[in-house]
Amino acid sequence: MSQLHLQQINKQYTDQPVIENLSLEIENGEFLVLVGASGCGKSTLLRIIAGLEEVSAGHIYCDQQDITHQSPRERNFSMIFQNYALFPHMSVEQNITFGMKVRGEKLKDNKQLVAKTVSMLQLDELLKRRPKELSGGQRQRVAMARAIVRNPRLFLMDEPLSNLDAKLRHDVRDGIMAMHEQLQVTTIYVTHDQVEAMTMADRIVVLDQGQIQQVGTPEELYRTPKNLFVARFIGSPSMNTWQLSVAEHMLHFANWQISVSSQRNSIWLGLRPEHIHLGESDDGRNQFSGIFERQELLGHVRLLTLRADFGPVQLFCDNEAILPDIGQSLTCHFQAQRIHLFCANTLQRLSIKDL
Ligand SMILES: Nc1ncnc2c1ncn2[C@@H]1O[C@H](COP(=O)(O)OP(=O)(O)OP(=O)(O)O)[C@@H](O)[C@H]1O
C-alpha cells in the first residue's frame, strides 16, 4: 500500500502549466529523488506535497486520507531546505528542541528521540554552541536534527546539500542516508546532482516541463531510459546521441543482425561515453573513427572528444593510453548491445525488434 498518492496533480500560476496531470505513488519508507532541469517544477511539486502551495486540480492522499486541503501543520511533514534558518541567539540544543516547546510538547517525553538524533548526526560535542560557531555542514546537521525530532510522517528535502563544499556534501549525504536507514521515514528529495540521485535513491523521478518522463530505480534509468530526454539526462557526462538515417546507422553501427523492415528513415542512436573504447575491435565490426579534438584529465581517467562524420563523440580512456596528436584520426569500438535506439518522431525507446 503506498503511503503518499499524488493523483492527477495540476498546477498553474499563469496560463502556462507548471505541473501537468502528474500521478505518482510513493511507498512507505521509500527514498524518492526528484530530478530535472532548472524550472521543470521540482520545488513546486515539493511545496504542493508540503501544503505550501495549493494544487490547481488533483488530489493528494497520505495513508489513504485525502490531505489535498490540509494545512502544512496538519500534514506533519518535515521540510529541509538549502537555506535553513537557525536561531542565532540560541544554542544548538535550543535550536533542536525549540519546535517541541512551541508545540507544547514536553522535552522529557521526547528525550530519547532527541538523544538518538543528536548522536546519529554527531552533534553531541556541539550542543552548547551558537550557530555562528559552527561550520556550514554542522549547521545543516542541526537543521536536520530539528526536522527529525518533529517525528514527521514524511521528510521533504529541497537541495539540502547545495550550499556545502564537496567534502561536506559527502559527509552530510552519508548522514542523511544513515538517518534514513535508521528511521525508515519516507523521504522525497529534490536535487539536480546526478551523483546524489544515483547513490541515494530507491527510485528516481525524472521531470521535464512538469511531466514525469520516467520513474525507476537508478539502475533502470541508466540501463533502459524510456526516451531520449531521460537517456541524455541520466549519466555524467551525458550519453552520446546522434540522429542518423537508417542507412547511416547500418553503415556505422549495425554490423549485427537486425532487419530494417519498417518505413523509418531516421532514428536517434545513443552510446554512453563509458561504453566506447579506444582502438579497433577484434573482428573489425562495431568500430568507427573520428578526428581527435580534445581531452580533459578527470583524475584517474581522461575524457576524449572526437569528431566523427556523424557527429561529436565522447569516450573515456585511462591515463596510460597512448594518444595521437590533436587533429589526427582516432579509432574506437563498442559492444553492439550497449547501443540505445530512439524513434526520431516520438523520441521513445526502440528495441532492436522495432526497427
Ligand atoms: N510563485 C510563482 N509564480 C509564478 N511562476 C512560478 C512561481 N513559482 C514558480 N514558478 C514557475 O514555475 C516553474 C517551475 O518552478 P520550480 O521552482 O518548481 O522549478 P525547479 O524545477 O524547482 O527549478 P530549480 O531547479 O531552478 O529550483 C518555473 O518556470 C517558475 O518560473
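Which residue in β12 is the bridge partner of L244? The bridge partner of L244 in β12 is I267, where strands are DSSP runs of E with at least two residues, numbered from the N terminus, and two strands count as paired if DSSP finds at least two bridges between them. This is a predicted model, in which local features need pLDDT of at least 70 and side-chain atom pairs count only at pLDDT 80 or more, whereas totals for chains, interfaces and linings use all residues. Residues are numbered from 1 along each chain as its sequence is written.

**Domains**

- The protein chain is divided into domain 1 (2–229) and domain 2 (238–354), with bounds that come from an automatic or database domain assignment.
- The centres of domain 1 and domain 2, taken over C-alpha atoms, are separated by 39 Å.
- Six residues of domain 1 are in contact with seven residues of domain 2, contact meaning that the C-beta atoms of two residues, placed from the backbone, lie within 7 Å.
- On the side of domain 1 that touches domain 2, the residues divide into three nonpolar, two polar and one charged; here Ala, Val, Leu, Ile, Met, Phe, Trp, Tyr, Cys and Pro count as nonpolar, Asp, Glu, Lys and Arg as charged, and the others, Gly among them, as polar.

**Ligand surroundings**

- The ligand is surrounded by Y13, V18, G36, S38, G39, C40, G41, K42, S43, T44 and H192, a residue being near the molecule if its C-beta atom, placed from the backbone, lies within 6 Å of it.
- Helix α1 (residues 42–50) contributes three residues, the largest share of this shell, a helix being a DSSP run of H or I with at least four residues.
- By class, the shell around the ligand divides into three nonpolar, seven polar and one charged residue.

**The open sheet**

- Four strands form an open sheet in the order β11-β12-β18-β19, and their pairing is antiparallel.
- Because β11 (240–245) and β19 (349–350) stand at the edges, each with a single partner strand, one side of each is left without a neighbour in the sheet.
- β11 is joined to strand β12 (residues 266–271) by six bridges, and the two run antiparallel.

**Strand β14 and its partners**

- Strand β14 (residues 287–297) pairs in the antiparallel sense with strand β17 (residues 329–334) over five bridges, and S289 has T331 in β17 as its bridge partner.
- β14 also pairs in the antiparallel sense with strand β15 (residues 301–308), over six bridges, and E296 stands opposite L303 in β15.
- The hairpin of β14 and β15 has three residues between the strands, and G299 takes a positive phi near 110° there.
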